[in-house]
Amino acid sequence: MELLRGGRDDRALRTAALLRRSHPADKELQLAGLLHDMGQMLRPGDGARHAVLAAEAVRPLLGERVARLVRLHAPAGAADGADGADGPGGDADAVATLRQARETAAACGLDAGVLEDWRPLLELVAAGARRAAGNAIDPLGLPRGSVPGPGGRGAGRGAGTTSSPERSP
């Protein structure tokens, strides 16, 4: 969030807001719109590699699809591996939509809200990416009534307690 606050303009916010309106169910696409130019903040002046830098930065946090969309948003050939939207994941339509929203956002004066509005979605997608990677500690904890498996999270929590009152011998 701190890095995003240092952005030069609101184009990323406008891009994400446009994507939220046109594709409300595609949360990863919306975040790719929000984060697509983050590489320019990571290494200013690094030119066409900004998409690759941003993708490398978001991959461990938000997962492979968000990283792929961020990497591929640059015009074909502008960044390492910018081609291949129909490769693994087949997101050619999403990439085209992201590029179009980016161009529209540059020209429009849309009130896109504030960056803090995106925190819950960032946290939601990050939690999903951690679960998908298999190294998640679910921030919401175990569902009520569930029992962790052997060696699972929560083992030992409340160990030795029962729901019935203790009885004296």
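I sort angles between axes this way: under 35 degrees is roughly parallel, over 145 roughly antiparallel, 65 to 115 roughly perpendicular, and the rest oblique. The axes are lines fitted to C-alpha atoms, for helices over the stretch in contact, with angles from 0 to 180 degrees between N-to-C directions.

I am working on a predicted model, where local features need pLDDT of at least 70 and side-chain atom pairs pLDDT 80 or more, while totals for chains, interfaces and linings use all residues. Residues are numbered from 1 along each chain as its sequence is written, and side-chain values use heavy atoms, without hydrogens or water.

Entry: α2 and α7.
I looked up helix α2 (residues 11–22) against helix α7 (residues 92–107) and found an angle of about 125° with the axes 8 Å apart. Helices here are DSSP runs (H or I, at least four residues), numbered from the N terminus. The pair is therefore oblique. From α2, I list R11, R14, T15, L18 and L19 as meeting T97, L98, A101, R102, T104, A105 and A106 of α7; contact means heavy atoms within 4.5 Å. I sorted the residues of this contact into six nonpolar, three polar and three charged, with Ala, Val, Leu, Ile, Met, Phe, Trp, Tyr, Cys and Pro as nonpolar, Asp, Glu, Lys and Arg as charged, and the others, Gly among them, as polar.

Entry: T97.
I find T97 in α7, buried at a relative accessible area of 18%. Buried is under 20%, exposed over 50%, partly exposed in between (1.4 Å probe, protein chains only). Beyond its neighbours within four places in sequence, T97 touches L19, H23 and L29.

Entry: V52.
I place V52 in helix α5 (residues 50–62) and note it as buried at 7% relative accessibility.

Terms used. Helix = DSSP H or I, 4+ residues; strand = E, 2+ residues; numbered from the N terminus.
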